[in-house]
Amino acid sequence: MIRLPSADTWTRRVPVLWRALAAILILGGLILMLVESRARILRAGAEVRLATAPVDPRDLFRGDYVILGYKISTLDPATLDGEKALRRNQTVYVRLAPGADGFAEAKGIYLARPAVGAGESVIEGRVTSTGSCLAGPDGEPDCDLGMRAIRVAYGLESYFVPQGSGGAIERTERKRIEIVAAIAPSGQAAIKRLLIDGKLVHAEPPY
């Protein structure tokens, strides 16, 4: 019977330098793929305006990252199209449409990407909790309204800002902060711009 050389035997025959170079190239290629994937979202993704909502003040600023919450982060499935019974850690697709004020509003929540109408978009998220307090008109949790809300994270909850420039953001009321996000056809999203009182504060470079 012919015995084929094992993978370890082939590996040992390759000089260490070449193995190291191959590892560097593979790692570099993976990093470039991640960077290009995000850059593609920023370049070609559909833009949506997101109104922010209050978060725990102790978590408002961590190092060089601003911690953000959104009005679309707290959803009441009973008032939306799509799924009504959802579980923690499920991947969901939230259908968005611009409201009267121009900010995105949730219209439906689904387990599979739904079809969208003109002006609508779909953002992918993950259910982080169920049985949460519903949000009031100001975005603050109000348990008197009921505890049937779900919390959804979209990967937009932290935003890097240049070192030392987060002080103004830290002192700003959440309702004055606006995020413009880019959403790819797949539903993946990335923060594109951060504005305060409608004025640009930070813009994310494509690379």
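This is a predicted model: local features need pLDDT of at least 70, side-chain atom pairs count only at pLDDT 80 or more; totals for chains, interfaces and linings use all residues.
1. Contact, as the word is used in this note, means heavy atoms within 4.5 Å.

2. For the chain overall, three helices and 14 strands are assigned. Of its 207 residues, 37% count as buried, while the accessible surface comes to about 12500 Å², with 58% of that area belonging to carbon and sulfur atoms. Where contacts between residues at least 6 apart in sequence are considered, 61% of them join residues at least 24 apart.

3. With neighbours within four places in sequence left aside, Lys 192 is in contact with Leu 42, Glu 47, Val 180, Ala 181, Ala 182, His 202, Ala 203 and Glu 204. The C-alpha atoms of Lys 192 and Ile 179 are separated by 7.5 Å, the two residues being 13 apart along the chain.

4. Another open sheet has six strands, in the order β5-β10-β9-β7-β8-β6, and here the pairing is mixed. Strands β5 (74–75) and β6 (81–82) stand at the edges with a single partner strand each, so one side of each has no neighbour in the sheet.

5. Strand β7 (residues 91–98) pairs with β8 (residues 104–110) in the antiparallel sense over six bridges, and Leu 96 has Ala 106 of β8 as its bridge partner. The pairing of β7 with β9 is antiparallel and also covers six bridges, with Ile 123 in β9 as the bridge partner of Val 94. Strands β9 and β10 then pair in the antiparallel sense over four bridges, and the bridge partner of Arg 126 in β10 is Ala 153.

6. Which side chains make polar contacts with the side chain of Arg 95? Arg 95 is found in strand β7 and is buried, its relative accessible area being 10%. The side chain of Arg 95 makes a polar contact with the side chain of Tyr 110 at 3.1 Å, and a further one with the side chain of Glu 120 at 2.8 Å. Once neighbours within four places in sequence are left aside, the residues in contact with Arg 95 include Asp 81, Glu 105, Ala 106, Lys 107 and Gly 108, as well as Ala 115, Val 116, Ser 121 and Val 122.

7. Asp 76 lies in the loop between β5 and β6, and at 10% relative accessibility Asp 76 counts as buried. Not counting residues up to four places away in sequence, Asp 76 touches Leu 134 and Arg 148. With Arg 148 there is a polar contact between the two side chains, at 2.9 Å.

8. The structure holds one disulfide, which joins Cys 133 to Cys 143 with an S to S distance of 1.7 Å. The two cysteines are 10 residues apart, and both Cys 133 and Cys 143 are placed in the loop between β9 (121–132) and β10 (149–153). Why is the disulfide of Cys 133 and Cys 143 described as right-handed? The description follows from the torsion about the S-S bond of Cys 133 and Cys 143, which is about 60°. As for accessibility, Cys 133 is buried, with a relative accessible area of 17%, whereas Cys 143 is partly exposed, at 42%.

Definitions and conventions
Residues are numbered from 1 along each chain as its sequence is written. Side-chain values use heavy atoms; hydrogens and water are left out. A disulfide is a pair of cysteine sulfur atoms within 2.5 Å. Buried means under 20% relative accessible area, exposed over 50%, partly exposed in between (1.4 Å probe, protein chains only). Two strands pair if DSSP finds at least two bridges between them. Accessible areas come from the Shrake-Rupley method with a 1.4 Å probe; for residues, only the protein chains shown count as cover. A polar contact is a pair of N or O atoms within 3.5 Å; within protein, one must be able to donate a hydrogen and the other to accept it, and residues adjacent in sequence count only if both atoms are side-chain atoms.
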